[in-house]
Amino acid sequence: MPAKPKDDLPYRPCVGIMLLDRDGRVFVGRRRDTPDGWQMPQGGIDHGETAQQAAFRELKEEIGTDRAEFLAEAPETVRYDLPDHLVGKVWGGRYRGQEQRWVALRFLGEDGDIDLETEHPEFDAWRWSEPDRVLAEIVPFKRDVYAAVLAAFAPLLRRP
């Protein structure tokens, strides 16, 4: 059975998480499957879940802890399309990209609480990044999304 054309595929419902430390830095993880591909945690929103519920679940699944408090949810959803070479290879070929709800959380734990060796590890390294570095580190096809997210949460990025 031939694959559906990209334009006929839906977007995957997803939550993105801007996790901030006490100094206003942003958590970024390096994807195991993408050399030098850094990103903020993200993942699918399960049926019946709110973006906030999905954010805490995904945080635990991806970085081994959910020690955080909710700060804000971005007012708009954002979408991105996968590059053509990835369509049909990720998410079982069912989606053309993601439609994301973004939430900002403040990390309440200690760095030692972060454990990337989860049941299904996605990251092989992590760091706290200055907000102005995040755009330079992200994979290019997500750059517009990250610019929108940084703008939406700009008031939270100021040092406490």
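The model is predicted, so local features need pLDDT of at least 70 and side-chain atom pairs count only at pLDDT 80 or more, while totals for chains, interfaces and linings use all residues. Residues are numbered from 1 along each chain as its sequence is written, and side-chain values use heavy atoms, with hydrogens and water left out.

**First stop: the cores**

Select Met18, Met40 and Trp102, the residues with the most contacts inside the largest nonpolar core, which has 24 residues. A nonpolar core is a set of buried Ala, Val, Leu, Ile, Met, Phe, Trp, Tyr and Cys residues joined through side-chain atoms within 4.5 Å, where buried means under 20% relative accessible area, exposed over 50% and partly exposed in between (1.4 Å probe, protein chains only). Among the elements that each supply at least two residues of this core are strand S1 (11-20), strand S2 (26-31) and helix H3 (143-152), and H3 gives the most, with 4 residues. Helices (H or I, at least four residues) and strands (E, at least two) are DSSP runs, numbered from the N terminus. A second, separate core of 18 residues includes Ile17, Ala55, Phe56 and Phe123.

**Second stop: strand S6**

Now select residues 78-81, strand S6, where Val78 and Tyr80 form the covered face and Arg79 and Asp81 the uncovered one. In a regular strand the side chains alternate between the two faces of the sheet. S6 pairs with strand S7 (residues 97-107) in the antiparallel sense over 4 bridges, and two strands pair if DSSP finds at least two bridges between them.

Next, select Arg31, Gln39, Gln42, Trp91 and Lys142, which of the 19 residues lining the largest pocket are the closest to its centre. Strand S4 (42-44) and helix H1 (51-63) each supply at least two residues of this lining.

**Last stop: leucine 135**

Leaving aside neighbours within four places in sequence, leucine 135 is in contact (heavy atoms within 4.5 Å) with Arg143, Tyr146, Ala147 and Leu150.

Conventions. On a 1 Å grid over the protein atoms alone, a cavity is a set of points where a 1.4 Å probe fits but cannot get out, and a pocket is an open set with protein on both sides within 12 Å along at least five of seven lines; lining residues have an atom within 4 Å of a point.
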